[in-house]
Amino acid sequence: MTQKNWTRDELILALDFYIDHRTALPPQSSSTALQFSRELRKVAPDMGASHAAYRNLNAIFMKLANFQAIDPQYTAQGRKGLQRGGRSDANLWELFSSDPKRLKEIANAIKQAAGQVSTHEGDDVDTIVEATEGRILSRLHTFRERNRGLVKAKKVEVLKREGKLACEVCEFDFDNAYGAHSTAAIEVHHRLPLSALPEQRKTKLSDLALVCANCHRIIHSRNPWFEIDELRKELRITVG
Ligand SMILES: [Zn+2]
Ligand SMILES: [Zn+2]
């Protein structure tokens with residue numbers, strides 16, 4: 001079986017493991033290495049049917065050697081590591097090598113969320129860009145914000161408090177435009193950082209934001225995803 005490219009989720013776990021053992025990688029035959037390969041295996045089913053089911057220790061250690069090749073601490077001693085790791089390795093390194101704490105939070109969240117949402121429930125390939133935090137957490141986000149009961153409760157709560165339903169980004173007023181159909185038109189976006197999602201078993205209404213479909217699409221169109229306030233500011237700049 002040919003090995004598929006490493007997914008972002010797998011790379012996050014691998015980089016987290018690498019950083020933990022940066023000064024001295026454990027031997028390939030060690031229980032530490034074996035334990036890590038088991039953890040990696042747990043996320044494989046979430047990566048989709050076409051994904052190679054599991055990576056052997058050889059493949060894992062090649063990936064760790066790819067990280068060595070772009071790790072200044074490693075190469076400073078004249079060592080080379082394994083070149084040609086690819087753009088996604090470098091990209092991940094740039095994002096997380098200076099913030100191992102955040103990397104660990106995300107890695108732990110991925111491990112915790114693995115297997116929670118089936119591959120069909122939270123997928124929307126048209127509108128959802130896989131976040132920096134990887135596929136499993138992106139899917140969990142989508143799944144949570146589409147919980148019908150919660151979405152309805154959020155709309156009722158806002159309507160009661162504000163007397164209208166408006167997009168929290170562009171302020172588009174749904175009642176004005178759609179009248180009685182407004183509740184069907186507005187969407188809900190989950191505000192919590194992706195790494196905090198698995199911990200939180202029950203979504204609070206205050207974690208949800210009302211957004212129009214356009215703004216929601218824009219929020220998810222960039223990596224990292226936009227925060228509500230960030231996109232609001234951005235819109236003001238372009239609108240003038
Ligand atoms: Zn909007
Ligand atoms: Zn969303």
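**Entry 1: ground rules**

I note that this is a predicted model, in which local features need pLDDT of at least 70 and side-chain atom pairs count only at pLDDT 80 or more, while totals for chains, interfaces and linings use all residues. Residues are numbered from 1 along each chain as its sequence is written, chains are lettered from A and ligands numbered from 1 in the order in which they are written, and side-chain values use heavy atoms, with hydrogens and water left out.

**Entry 2: the whole chain**

I found twelve helices and two strands in the protein chain, where helices (H or I, at least four residues) and strands (E, at least two) are DSSP runs numbered from the N terminus. Read from the N terminus on, the elements follow the order α-α-α-α-α-α-α-α-α-α-β-β-α-α. The C-alpha atoms fill a box of roughly 65 × 40 × 30 Å along the principal axes, and of the 240 residues in the chain, 43% are buried.

I also checked the record: UniProt, in an unreviewed entry, places the feature "domain: HNH" at residues 167-222; its positions are given in the numbering used here, feature names are shortened, and annotations may be inferred rather than shown by experiment. In the model the span 167-222 is 29% helix and 14% strand, and its end C-alpha atoms lie 19 Å apart.

**Entry 3: aromatic rings**

I counted rings of Phe, Tyr and Trp (its six-membered ring) as a pair if their centres lie within 6.5 Å, with planes under 30 degrees apart called stacked, over 60 edge-to-face and the rest tilted. By this rule the count comes to six aromatic pairs. In one of them, the rings of phenylalanine 17 and phenylalanine 36 are stacked, because their centres are 4.4 Å apart and their planes stand at 20 degrees. Phenylalanine 17 lies in helix H1 (residues 8-20) and phenylalanine 36 in helix H2 (residues 31-43), so the pair ties together parts that are 19 residues apart in sequence. Phenylalanine 36 is buried as well, with a relative accessible area of 3%.

Phenylalanine 172 and phenylalanine 174 form an edge-to-face pair, at 5.0 Å centre to centre and with 85 degrees between the planes. Here phenylalanine 172 counts as partly exposed at 34% relative accessibility, whereas phenylalanine 174 counts as buried at 3%. I also noted that Tyr18, Phe67 and Trp93 form one aromatic cluster.

**Entry 4: charges over rings**

I used the rule that a charge sits over a ring if NZ of Lys or CZ of Arg is within 6 Å of the ring centre and within 35 degrees of the ring normal. The charged end of arginine 55 sits over the ring of tryptophan 6, 4.4 Å from its centre, and that of arginine 222 sits over the ring of phenylalanine 226, 3.8 Å from its centre.

**Entry 5: the largest pocket**

Which residues are the closest to the centre of the largest pocket? A pocket is, on a 1 Å grid over the protein atoms alone, an open set of points where a 1.4 Å probe fits, with protein on both sides within 12 Å along at least five of seven lines, and lining residues have an atom within 4 Å of a point. The largest pocket has a volume of about 410 Å³, and of the 20 residues that line it, the closest to the centre are Arg191, Leu192, Pro193, Trp225 and Glu227. Helix H6 (100-113), strand S1 (187-190) and helix H12 (228-239) each give two or more residues to the lining, and H12 gives the most, with three.

**Entry 6: backbone details**

I found a cis peptide bond between asparagine 223 and proline 224, with omega about 0 degrees; proline 224 is in the loop between helix H11 (213-219) and H12. Arginine 84 is a residue other than glycine with a positive phi, near 65 degrees, and is placed in the loop between helix H4 (72-75) and helix H5 (87-96), where arginine 84 is exposed, with a relative accessible area of 82%.

Note on methods: Points joined across faces, edges and corners; volume = space filled by probe spheres on them. Buried < 20%, exposed > 50% of the residue type's maximum accessible area, 1.4 Å probe, protein only.
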